[in-house]
Amino acid sequence: MLNFVLFGPPGAGKGTQSQKLIDKYQLVHISTGDLFRAHIKNQTALGKKVSKLIADGELVPDKITIDMLEEEIDKNPNAKGFVFDGFPRTIPQAAELDHFLEGKGSKIAGVIALDVDKDELVKRVAQRQLETHRVDDQADKSQKRIDEYFNKIILVLPYYEEQNKLTKINGIGNIDDIFNELCAVINKY
Ligand code: AMP
């Protein structure tokens with residue numbers, strides 16, 4: 001199995017690049033944000049539980065997020081591998097993902113972090129808000145999520161750096177050029 005994490009702040013291009021990567025490598029894309037949004041849209045019990053947190057730009061508790069993610073992995077027993085997008089966002093999530101994959105005789109091959117500065121992120125998320133109307137992309141919420149990334153979520157990276165699994169890529173530029181850089185990293189896994 002080929003599993004890797006696409007890491008980066010809101011607006012870094014994780015969703016866009018994930019889509020291209022799953023087409024090329026025939027992998028399953030797991031975006032915890034997309035999964036939560038689907039639960040909210042379908043008004044499931046989980047959706048009702050997390051909708052306010054997400055609308056406010058807060059993280060969902062680890063246990064809820066991990067359970068949902070593991071269930072999603074288990075729904076795809078024949079997957080060639082997974083692209084994780086928006087997960088892990090905390091060290092306990094990262095450790096549990098390792099543990100869970102190990103139980104299946106698998107592992108994370110690597111983590112690719114897309115580097116984009118705050119000013120550019122603010123612009124991109126504002127543009128996305130116009131297109132998708134995501135409530136958590138509204139200016140005050142998106143600023144909070146971007147700050148949360150640089151103050152807290154980024155602290156997950158040393159966990160992978162210590163395992164020599166981290167590669168950083170410049171996330172500003174032409175989408176296809178960035179995609180090619182990602183592929184060059186993935187081809188070495
Ligand atoms: P995203 O689409 O990845 O930006 O995620 C949207 C929202 O879903 C986040 O702002 C969080 O509220 C929630 N969420 C997604 N992934 C996670 C995660 N790994 N841990 C906690 N909350 C998450």
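**Helix packing**

I looked up H2 and H4 to begin with, and found that they pack at an angle of about 95° with their axes 11 Å apart; axes here are lines fitted to C-alpha atoms, for helices over the stretch in contact, and angles run from 0 to 180 degrees between N-to-C directions. That makes H2 roughly perpendicular to H4, given that angles under 35 degrees count as roughly parallel, over 145 as roughly antiparallel, 65 to 115 as roughly perpendicular and the rest as oblique. From H2 the contact takes Thr32, Leu35, Phe36 and His39, and from H4 it takes Ile64, Thr65, Met68, Leu69 and Glu72, contact meaning heavy atoms within 4.5 Å. By class I noted five nonpolar, three polar and one charged residues in this contact, where Ala, Val, Leu, Ile, Met, Phe, Trp, Tyr, Cys and Pro count as nonpolar, Asp, Glu, Lys and Arg as charged, and the others, Gly among them, as polar. Helices (H or I, at least four residues) and strands (E, at least two) are DSSP runs, numbered from the N terminus.

Before going on I noted the ground rules: this is a predicted model, in which local features need pLDDT of at least 70 and side-chain atom pairs count only at pLDDT 80 or more, while totals for chains, interfaces and linings use all residues. Residues are numbered from 1 along each chain as its sequence is written, and side-chain values use heavy atoms, with hydrogens and water left out.

I then turned to H4 (residues 62-74) and H5 (residues 91-102), which pack at an angle of about 30° with their axes 10 Å apart, and are therefore roughly parallel to each other. On the H4 side I listed Asp62, Thr65, Ile66, Leu69, Glu70, Ile73 and Asp74, which meet Pro92, Gln93, Glu96, Leu97 and Phe100 in H5. This contact of H4 with H5 has six nonpolar, two polar and four charged residues.

For H6 and H7, I found axes that come within 10 Å and cross at roughly 140°, and the two helices are therefore oblique to each other. Lys118, Leu121, Val122, Val125 and Arg128 of H6 make the contact with Ser142, Gln143, Arg145, Ile146, Asp147 and Phe150 of H7.

**Pockets**

I looked up the largest pocket next, whose volume is about 940 Å³. A pocket, on a 1 Å grid over the protein atoms alone with a 1.4 Å probe, is an open set of points with protein on both sides within 12 Å along at least five of seven lines, and lining residues have an atom within 4 Å of a point; grid points are joined across faces, edges and corners, and a volume is the space filled by probe spheres set on the points. Its lining has 47 residues, of which Pro10, Lys14, Arg89, Arg128 and Arg134 lie nearest the centre. By class, this lining has 18 nonpolar, 17 polar and 12 charged residues.

The second largest pocket holds about 150 Å³ of space, and I listed its lining as Arg37, Ile40, Lys41, Ser51, Ile54, Ala55, His133, Arg134, Val135 and Asp136. H2 and helix H3 (45-55) are the elements that give two or more residues to that lining.

**Backbone details**

I noted a cis peptide bond joining Phe87 and Pro88, with omega about 0°; Pro88 is found in the loop between strand E3 (82-85) and H5. In the loop between H2 and H3 I looked up Gln43, whose phi is near 55°, a positive value in a residue other than glycine.
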